[in-house]
Amino acid sequence: MRGHFSQWIYPKEFDQEQNDFIQQMQSAGMTYSPAFLRLCWQRRLRSQAAIKAACDQQPSLFHDPFEMEDMDLAVDRITQAVEKEESILIYGDYDADGITSTLIMKEALESIGAKVTYYLPNRFTDGYGPNLERYQAFIQAGTQLIITVDNGVAGFEALAYAKDQGVDVILTDHHQIQTDLPPAYAVIHPANPRGNYPFKDLSGAGVALKLATALLGEIPIEALELAAIGTVCDRVALIDENRTIVLAGINQLKQTNRSGLQTLFNNQNISLEDIDEETIGFVIGPRLNAVGRLGDPSPGLEFLASLDRIEAKRLLQVIEAKNDERVDLVKQIEAELLRVYPKNVEPPAIIIAGQANWHPGVLGIVAGRLVERHHCPCLLFNFDESKGVYKGSGRSIPSINLFNLIQPFQDLCVHFGGHDQAVGLTIAQDQFGLFKQKLEEAIRSLDRSLAEEPAISVDLLLTDDEVTLDLYQEIKQLAPFGQDNPKPLIVLEELLIKNKRLMGKDQQHVRWQFHLDAPMAELTAVAFSMAESTALIKAESRLSILGELSLNRWRDQTSLQFIVRDFAFIKGQLIDQRSSNGLKGELDYPQALYLVNQSKLIDQLQSYLPESSQLSLYSDKDLNIADFQRLVILEVPDDLSHLRQVLDYKKWSQIILVSYVAESKYLVGLPTHQEFSRLYQALLVNPQLKIADLAQFAQFLKIPLVKIKTMIVVFFQAKFVKIEKGIIYKQDAHLDQRVDLKSCDAMINYKKSMEAEAFLNFQSIDAIYQWMNKEL
């Protein structure tokens with residue numbers, strides 16, 4: 001049984017070729033651990049040069065900006081505008097990449113004395129990209145040169161208007177180019193079809209940095225932190241020169257002079273030395289995006305630009321309030337969609353949904369979460385009744401290019417743009433039904449293998465003794481992690497849970513303590529938002545975990561921890577329900593085979609089971625076990641070998657151990673010689689005994705009833721008594737015979753039943769798990 005991902009794709013099994021590679025690297029003087037070198041092999045870093053380049057935390061790769069098509073035209077035109085004191089407008093975008101792109105360009109132009117202003121569009125009143133009405137207003141107000149940042153390739157109408165008015169537009173963008181380019185004076189785009197720039201995956205901020213560098217004749221150091229924020233937040237590939245930009249930007253963030261960022265780091269208790277790409281992705285980025293998602297993005301830019309601590313603090317309060325509002329809106333929409341598309345119900349091939357009360361600014365976040373949960377593309381829309389349009393965001397799974405999927409139907413859209421995994425679009429109300437139909441037909445025509453059950457690739461399988469702080473530090477050298485350079489995913493198999501507790505405001509997170517057979521002895525693991533899916537996983541059970549090594553800092557103490565992304569029971573899950581109250585509370589497992597000893601329980605309980613489940617006796621030889629996925633040990637078997645036969649038949653995804661006993665034999669023990677003697681003497685005095693009176697008889701003799709029942713059967717097998725019509729008669733002819741009572745079948749069976757109960761009810765769940773898997 002597995003958690004979210006149905007399949008873990010393991011790296012190639014360690015072989016002689018990998019062993020030779022490790023020895024070769026170590027002989028060449030590399031001091032990396034074998035585990036890290038296995039990771040390098042897996043990531044195709046198979047030479048000293050490749051490993052050194054991948055681990056270099058001060059890379060210098062930064063392509064000449066003039067290799068980008070039209071860069072010389074743009075620099076000449078901007079220089080001319082500065083010299084002539086022309087009015088320059090920077091037209092940006094409302095997300096973190098657009099905000100940082102705008103500020104990079106603004107600061108660069110101001111540094112050379114340009115007469116410059118900027119505009120960040122409101123996503124609700126202006127929409128994405130060049131807005132015709134805004135262009136008209138700025139041009140009529142005297143703008144003489146427009147520079148777009150992080151937008152423009154889809155702005156045909158607005159750019160055509162500017163050209164007609166004699167206003168040049170320098171377009172800088174990185175979004176996917178459609179069939180043609182707009183009529184711009186210069187198109188600064190890494191994938192400009194007229195050019196041959198060596199790296200195509202810059203962010204909007206990266207492109208703005210290139211233009212600023214070309215304009216100034218050197219890289220503007222103070223812009224690197226802004227470019228790093230835009231690059232990480234826009235999820236472009238963190239390879240090639242993007243790696244240089246991000247690492248240099250992180251170093252700049254650690255010594256930033258920007259009051260806004262300093263205030264944010266102080267408020268979040270972030271040590272400057274700990275700043276990394278995750279600080280950008282999880283602390284800075286969401287706050288910048290929140291203001292743009294919910295309205296005017298300008299406070300985000302003012303916050304980054306501020307050098308005044310009081311003003312920075314005020315702006316941060318505004319941003320935090322917007323971020324809190326964003327969190328609440330996401331929860332509300334997600335809760336609504338969860339009712340329509342529950343976690344355990346198979347979703348359609350593509351989710352397309354819209355409501356008038358869904359805030360359009362957060363639909364991309366919610367769509368992304370639905371993609372992760374249901375593993376299918378998702379498009380969510382806000383319906384604007386006043387305008388009669390559906391405005392939405394889409395996200396996709398890696399194997400389906402959402403941009404290409406929608407592009408054949410873009411004539412049905414008022415607006416459409418984006419990337420392979422994320423799109424934004426607007427559709428008129430009268431076209432929405434047709435668009436939905438066409439898209440559903442298109443995705444049904446795809447190869448269904450593209451939407452297979454979610455799988456995840458494992459980078460490294462570690463043994464307990466390889467889990468060390470040194471390995472974490474080695475892996476950290478491969479950072480920054482992100483698109484095309486993901487954080488290595490590690491698997492630790494069959495770990496013993498020592499402790500489990502819930503965390504978080506709503507107790508939605510899980511913290512485990514695992515035992516390691518290694519000097520470190522223990523490993524803390526944290527699983528965010530997994531409390532529900534791991535509810536039945538208890539301490540003393542074994543679990544395989546997939547995730548990332550991380551550091552936990554608490555009160556000046558630093559320790560290694562594991563961030564769990566998924567979990568699995570590779571040998572099947574054993575759920576300990578031995579302390580449950582009553583049998584009826586354990587009868588709701590689907591596709592389950594329930595095993596009991598007593599046939600009367602089948603009559604009593606079968607009607608409470610799901611249709612796909614069935615009760616059976618351990619002794620039933622005709623049962624089709626292949627029909628079931630789960631095994632429920634409802635009653636302790638009379639003999640462990642009976643359970644062993646069922647376990648050996650197949651690999652069960654779940655085994656639920658209830659282990660009910662009506663009368664405990666283990667707790668009362670084997671009948672003793674003295675108890676047999678006492679019963680023998682009582683039968684001499686009472687030659688006839690009604691079975692109905694056994695309980696009273698057992699009480700009189702002060703012998704547990706379960707023992708009395710067995711002892712009577714033993715005497716029956718020894719022919720000391722006979723049983724007819726509910727009455728026990730002593731047989732005088734056999735009372736003087738010497739018989740080894742312990743060798744009677746009833747005593748042998750009693751002892752086996754005792755042993756089964758002792759093992760299943762009084763051993764640790766781990767000991768039982770190990771026994772079950774050993775037998776398998």
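Predicted model: local features only at pLDDT ≥ 70, side-chain atom pairs only at ≥ 80, totals over all residues.
## Basis and domains

Local features need pLDDT of at least 70 and side-chain atom pairs count only at pLDDT 80 or more, while totals for chains, interfaces and linings use all residues. Residues are numbered from 1 along each chain as its sequence is written, and side-chain values use heavy atoms, with hydrogens and water left out.

The domain assignment (bounds from an automatic or database assignment) gives domain 1 as 7-20 + 27-55 + 458-569, domain 2 as 65-321, domain 3 as 341-450, domain 4 as 573-662 + 759-773 and domain 5 as 666-743. Between the C-alpha centres of domain 1 and domain 3 the distance is 35 Å.

## Salt bridges

The structure holds 30 salt bridges, a salt bridge being a side-chain nitrogen of Lys or Arg within 4 Å of a carboxyl oxygen of Asp or Glu. One of them joins E107 and R258, at 3.0 Å from N to O. This pair links distant parts of the chain, 151 residues apart: E107 is in helix α5 (residues 96-111), R258 in the loop between α10 (240-253) and α11 (259-267). Helices (H or I, at least four residues) and strands (E, at least two) are DSSP runs, numbered from the N terminus. Both E107 and R258 are buried (buried means under 20% relative accessible area, exposed over 50%, partly exposed in between, with a 1.4 Å probe and protein chains only).

R565 and E548 form a salt bridge at 2.8 Å, N to O. R565 lies in strand β18 (residues 557-568) and E548 in strand β17 (residues 542-554), 17 residues apart. R565 counts as partly exposed because its relative accessibility is 38%, whereas E548, at 10%, counts as buried.

In the salt bridge of K709 with E663, the closest N and O atoms are 3.3 Å apart. K709 is in helix α23 (residues 705-717), and E663 is in the loop between β23 (654-660) and α21 (673-685), 46 residues apart. K709 has a relative accessible area of 37%, so K709 is partly exposed; E663 is partly exposed at 32%. Elsewhere, salt bridges that share partners join E278, K487, E548 and R565 into one network.

A search of the whole structure finds 3 cavities of 30 Å³ or more. A cavity is a set of points, on a 1 Å grid over the protein atoms alone, where a 1.4 Å probe fits but cannot get out; lining residues have an atom within 4 Å of a point. The second largest cavity has about 50 Å³ of space.

Its lining residues include Y128, H175, F403 and G417. The lining of the second largest cavity divides into 4 nonpolar, 5 polar and no charged residues. Domain 2 (65-321) and domain 3 (341-450) both contribute to this lining, so the second largest cavity lies between them.

Methods: 1 Å grid on protein atoms, 1.4 Å probe; cavity = no way out; pocket = protein on both sides within 12 Å on 5 of 7 lines; lining within 4 Å. Points joined across faces, edges and corners; volume = space filled by probe spheres on them. Nonpolar A, V, L, I, M, F, W, Y, C, P; charged D, E, K, R; others polar.
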